[in-house]
Amino acid sequence: NRKPDNDEDHNKLIKTDTIKEEEMDPLYLDSNEAMTEYKGRRHEVVSYECDQCNYISTVPANLKKHKKRKHEGVKYNCDQCDYIAAQAGQLKIHKESKHEGVRYSCDQCDHFAAHAPTLKIHKES
């Protein structure tokens with residue numbers, strides 16, 4: 001791995017690195033916050049500590065989510081039943097599987113899963 005000479009050269013190099021899809025977007029990389037976060041995760045160990053407990057993350061967004069869930073009491077209530085989720089993604093999966101009937105079918109047998117990661121585990125086993 002060669003080191004980039006400048007930020008423009010760095011942007012070209014990281015497009016070949018294994019990174020999240022949104023980080024491949026030049027508009028994403030042009031934002032100072034995104035570039036700082038990328039460099040922190042890829043080139044040096046940067047940690048973000050919760051000021052209320054011992055939680056530590058290398059991604060600022062994860063620390064923000066942690067604080068909302070654990071310290072601010074943010075919950076996501078299902079509007080169709082009594083289910084309460086700690087994360088918006090959990091509520092989405094719940095609604096899809098319990099109320100909308102979304103199922104993921106296996107192409108190798110007659111198994112159905114409530115969400116994609118479960119189907120992936122099924123296929124690998």
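## Salt bridges and buried sites in a predicted chain

K123 has a relative accessible area of 34% and is therefore partly exposed, a class that lies between buried (under 20% relative accessible area) and exposed (over 50%), with a 1.4 Å probe and protein chains only. This is a predicted model, in which local features need pLDDT of at least 70 and side-chain atom pairs count only at pLDDT 80 or more, while totals for chains, interfaces and linings use all residues. Residues are numbered from 1 along each chain as its sequence is written, and side-chain values use heavy atoms, with hydrogens and water left out.

**Overall make-up**

- The chain contains six helices and six strands, which are DSSP runs numbered from the N terminus (H or I and at least four residues for helices, E and at least two for strands).
- Read from the N terminus, the order of the elements is α-α-α-β-β-α-β-β-α-β-β-α.
- Of the chain's 125 residues, 21% count as buried, and the chain exposes about 9,400 Å², of which carbon and sulfur atoms supply 48%; these areas come from the Shrake-Rupley method with a 1.4 Å probe, and for residues only the protein chains shown count as cover.
- Among the contacts with a separation of 6 or more, 8% are between residues 24 or more positions apart, where contact means heavy atoms within 4.5 Å.

**Salt bridges**

- The structure has four salt bridges, each defined as a side-chain nitrogen of Lys or Arg within 4 Å of a carboxyl oxygen of Asp or Glu.
- One of them joins D51 and K67, whose closest N and O atoms are 3.4 Å apart. This pair links distant parts of the chain, since D51 sits in the loop between β1 (48–49) and β2 while K67 belongs to helix α4 (residues 60–70), 16 residues apart.
- Within that pair, D51 is exposed at a relative accessible area of 60%, whereas K67 is partly exposed at 23%.
- K123 also takes part in a salt bridge, with D107 as its partner and 3.2 Å between the closest N and O atoms. Because K123 lies in helix α6 (residues 116–124) and D107 in the loop between β5 and β6, the pair ties together parts that are 16 residues apart in sequence.
- D107 counts as exposed, with a relative accessibility of 62%.

**Helix α5**

- The side chains of K92 and E96 form a salt bridge at 2.9 Å, N to O, and the two residues are about one helical turn apart because they stand four residues apart in helix α5.
- K92 is exposed at 51%, while E96 is buried at 16% relative accessibility.
- Just after α5, G101 adopts a positive phi of about 70°.

- S57, placed in strand β2 (residues 56–57), counts as buried because its relative accessibility is 6%.
- Leaving aside residues up to four places away in sequence, S57 touches V46, S47, Y48, N62 and L63.
- F112, in strand β6 (residues 112–113), counts as exposed because its relative accessibility is 52%.
- With the residues up to four places away in sequence not counted, F112 touches R103, Y104 and S105.
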